[in-house]
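Please keep the sequence and the model in view while reading.

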Amino acid sequence: MAKYLVIVESPAKVKTIKKFLGKNYEVTASNGHVRDLPKSQMGIDFEHDFEPKYITIRGKGEILAKLRKEVKKADRIYLATDPDREGEAISWHLSKALKLDEKKQEKQVYRISFNEITKNAVKASLKQPRDIDMDLVNAQQARRILDRMVGYKISPLLWEKVKRGLSAGRVQSVALRIIADRENEISAFIPEEYWSIDAAFTVPGAKKKLEAKFYGNEQGRMKITNGEQAEAIRLELLAADYRILDIKKSERTKKAPNPFTTSTLQQEASKVLNFSTLKTMRLAQQLYEGVEVKGEGVVGLITYLRTDSIRISEEAQAQAKDYIEANYGEAYLADSVSEKKKTGKIQDAHEAIRPTNISRTPTAVKESLSRDQFRLYSLVWKRFTASRMSAAKYETTSVKIGAGQYRLQVSASRLAFDGFMSVYMSEEDEKGENNALLKSIDETTKLTLSQVETKQHFTQPPAHYTEAALVKTLEEHGIGRPSTYAPTITTLLTRRYILKENKNLFLTELGEAVNDIMKQAFTTIVDEEFTANMEMLLDKVEEGDVDWKVIVSNFYPDLEEAVESAEKTLEKVKIADEVTDVVCEECGRNMVIKYGPHGKFLACPGFPDCRSTKPYLEKIGVACPKCGKDIVIRKTKKGRRFYGCEAGPEDCDFMSWQKPSKEKCPQCGGYMVEKGAKLVCADEQCGYVCDQNQKKEEKQ
């Protein structure tokens, strides 16, 4: 009979941890939280010092019954939930639900935590058992109760003033405001004209031309604001004599990036892999909890995924040093790894996100991972390895060219030593800075003008937020925590306050209406500074410096007053349904787009007199290669997206997993599909491939 019981959160960890601990240990899972505030009511006792009323979560009775049986059998109980506020709170709720406080006389009850699911980490945690950290628990309680107050007080108001099914949130509403403010900036933006002038020179003995950009005049940089000014300068440059005034050579270093935190992992996975924040967190959870690796069994591949620390353990640092020296050489090893202190609270019991074993390369585990798991693991492994490596070094050259009163400039750089870039390159690195200057140039070189070209440009509005950019902004402003970013963005999308097209987030009419109400009636809640200060206070609770009930009691009266005022003063907002050109077969009205549990559908606006509905088929603007009707986006029963004919599947069986293009294959005349930045002929026998970006440049 097992003497020791280890309770973890996720069933996925059970098998792995059991393997590490042996027959004297029973390992079981709580499947996340077992107690929470009730869904049917606020669940806070306002008359008794804001005491929360926790109940057993529906469906968790069976799990708790099983846990109680296991507790009876064990002499010692280890609560081994995740190593953060939420995990600490789950341990505390388990302790209360299983009445472990009452059993302390007969049984030993401990809290343990580990940052990675490896044999060493799990066994080390058993040697350092502790009590539940009530400061961490109280920080989580304060966060949960504040969120409950905002949600349960403001959401019914939105139902009344706008429509049912809407919600407000302490972090969600600020994130919505940030997106709305950017939308307003874009709408208000007025482009400004400017011009650039590029010159090409022939250099004696060189096949390649020297390309220079217009800089200004003898007084300094000049801005060219119209075509007449640009043409006047171009004519002067055509008649000018050219000489090299100055050549400056220097060396520039590019430091290795820090290993990933939750936020930077979400940002990079969005930019590089096109993953949503939710997808990134789901895959990272799988890699953390354990994957069946050929020859090793179930192995936790990365450290804990919710962290804002860039700290690395001494053991991991030593492993990285040995690996880099053996595989790249001593020159590639960083001289010293500085632990940069981040502002704000860091859950510093954690490390950065890193592979649990650097020797377990992406190639070594590729066969054991799904495609997306492999891509994310590769990103984590490369970033961590690069973070322990030396800086990249560039040789830079700047050439100043005189042309009468005007000045032109040539800037060039050459990668002299790749350092960390031999392992990991960001998007910017891959675009390339390796534009080396002609070697033969010096101050005496004779330059012969070959071409002068003027180009018109317009300043661009601020870019729409992507998930990566929004996560970065939320972190910079201290709003929410890395673990909340994915659910926050998901909620905004689910509520249809925002839409995602390609990577960009767009505000909907509904989102605009909700944001206007929040700004008008709840100024404080959507204020970035207020929300950031609230996060700082929650950190103070975690550090034991502030009583959590003080924060709650100070916040609630103002919220209640604002809700009462809004109920009296706010007018109802009507959000019109989007009308389509699809005609209702029952009554002849134009059908409108409605939203149900499974997404969009078409409905007759004559409801309840006419209850006609149809599936909503989103057209992509491409004709079916088989029958000429429109291609629409469809989904399989499991929710996987594919492209099919609107007439199908009864009348036309065309389907494609990749998005078909309007472009016809120039080689065989068949249809082509989009694969990343490339257009590929759907006929594998043909094999034609073309780069879309290159094609756009050629058209321009």
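Which residue in β25 is the bridge partner of A623? The partner of A623 is D630, as found in a model that is predicted.

- Four strands form an open sheet of 4 strands in the order β24-β25-β26-β27, and their pairing is antiparallel.
- The edges are taken by β24 (618-623) and β27 (655-656), each of which has a single partner strand, so one side of each is left without a neighbour in the sheet.
- Strand β25 (residues 630-635) runs antiparallel to β24, and 3 bridges join the two.

**Helices α8 and α14**
- Helix α8 (residues 262-273) packs against helix α14 (residues 467-476) at an angle of about 160°, with their axes 8 Å apart, and the two helices are therefore roughly antiparallel to each other.
- Their crossing is left-handed.
- On the α8 side the contact involves S263, Q266, Q267, S270 and K271, which meet E467, A468, V471, K472 and E475 in α14; these residues divide into 2 nonpolar, 4 polar and 4 charged.

**Helices α6 and α15**
- Helix α6 (residues 172-188) and helix α15 (residues 482-494) pack with their axes 10 Å apart and at an angle of about 70°, which makes α6 roughly perpendicular to α15.
- The crossing of α6 and α15 is right-handed.
- Here Q172, A175, L176 and I179 in α6 meet T488, T491 and L492 in α15, and the residues of this contact divide into 4 nonpolar, 3 polar and no charged.

Conventions
Residues are numbered from 1 along each chain as its sequence is written. This is a predicted model: local features need pLDDT of at least 70, side-chain atom pairs count only at pLDDT 80 or more; totals for chains, interfaces and linings use all residues. Side-chain values use heavy atoms; hydrogens and water are left out. Axes are lines fitted to C-alpha atoms, for helices over the stretch in contact, and angles run from 0 to 180 degrees between N-to-C directions. Angles under 35 degrees count as roughly parallel, over 145 as roughly antiparallel, 65 to 115 as roughly perpendicular and the rest as oblique. A crossing is left-handed if the near helix is turned anticlockwise from the far one by less than a right angle, and right-handed if clockwise. Contact means heavy atoms within 4.5 Å. Ala, Val, Leu, Ile, Met, Phe, Trp, Tyr, Cys and Pro count as nonpolar, Asp, Glu, Lys and Arg as charged, and the others, Gly among them, as polar. Two strands pair if DSSP finds at least two bridges between them.
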